[in-house]
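Hi there,

Here is the structure I promised to pass on. Please open it alongside this email so that you can follow along.

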Amino acid sequence: MVSLTDKHKQTRLDWANEHAEDTFDEYIFSDYKRGKKPRRERDRHPPQILVWWAIGIDRKFKPVVIDGTLTGDKYLKLLRTRLPRKNGRPWIFQHDGATAHRAKKVTEYLDQHDIEHVRDWPARSPDLNPIENAWTIVNRGVFQRDPKTPKQLKEALWAAFEGVK
């Protein structure tokens, strides 16, 4: 459970009020997680991998495995290769306030390519992002497969991603 200060609560309320009329149909929600097999008694060091993913109301993107830590450079490379072109269809890109997301080169790239993005996502607000529900489905799928190695974990993740509708 994420603990919220009074400031967090007020920021969330302000954000929700400001966006109360939004349908979010044009949003692409993104997030990255450290994919890992749930720890059990016998698992001293369960396999882990870092994965970025994005979804929209009528689309889901292919997940990306990130080696090591997500840096501004890695995130920028990911966005250059994974974000769709507008092609006449408007959309708004959501990502949270993680350090890599706020890197100057990332913000400049989004601005230079006329990619509208949420700049004021409230801190400590994963419950506002629908991708968190999709991650829950993915986690359940991984748990059912009980991977023992990083390779098995990747295979379980890919299969679980395919199961998200």
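First, the background. This is a predicted model, in which local features need pLDDT of at least 70, side-chain atom pairs count only at pLDDT 80 or more, and totals for chains, interfaces and linings use all residues. Residues are numbered from 1 along each chain as its sequence is written, and side-chain values use heavy atoms, with hydrogens and water left out.

Let's start with the rings. Searching the whole structure gives 9 aromatic pairs; rings of Phe, Tyr and Trp (its six-membered ring) pair if their centres lie within 6.5 Å, and planes under 30 degrees apart count as stacked, over 60 as edge-to-face and the rest as tilted. Tyr27 and Phe29 form a stacked pair, because their ring centres are 5.5 Å apart and their planes lie at 20°. Both are buried (under 20% relative accessible area, with exposed meaning over 50% and partly exposed in between; 1.4 Å probe, protein chains only): Tyr27 has 6% relative accessibility, and Phe29 has 7%. Ring pairs also join Trp15, Phe24, Tyr27, Phe29 and Trp121 into a cluster.

Asn129 sits in the loop between helix 3 (104–112) and helix 4 (131–145); helices here are DSSP runs (H or I, at least four residues), numbered from the N terminus. With a relative accessible area of 5%, Asn129 is buried. Neighbours within four places in sequence aside, Asn129 is in contact (heavy atoms within 4.5 Å) with Phe29, Ser30, Gln94 and Trp121.

Now the helices. Which residues of helix 2 (residues 72–82) are buried? They are Gly72, Tyr75, Leu76, Leu78 and Leu79. These cover an arc of only 160° around the axis, so they are on the same side of helix 2; the arc is that of the directions from the helix axis to the C-beta atoms. The face turned away from this buried side carries the exposed residues Lys77 and Thr81. As a reminder, an α-helix has 3.6 residues a turn, so residues three or four places apart point the same way.

In helix 3, the buried residues are Val106, Tyr109 and Leu110. Their arc is only 95°, which puts them on the same side of helix 3. Helix 2 is part of what covers them. Exposed Lys104 and Gln112 are on the face turned away from the buried side of helix 3. After helix 3 comes Asp114, with a positive phi near 55°.

Enjoy looking around!

Best wishes

Notes:
Helices (H or I, at least four residues) and strands (E, at least two) are DSSP runs, numbered from the N terminus.
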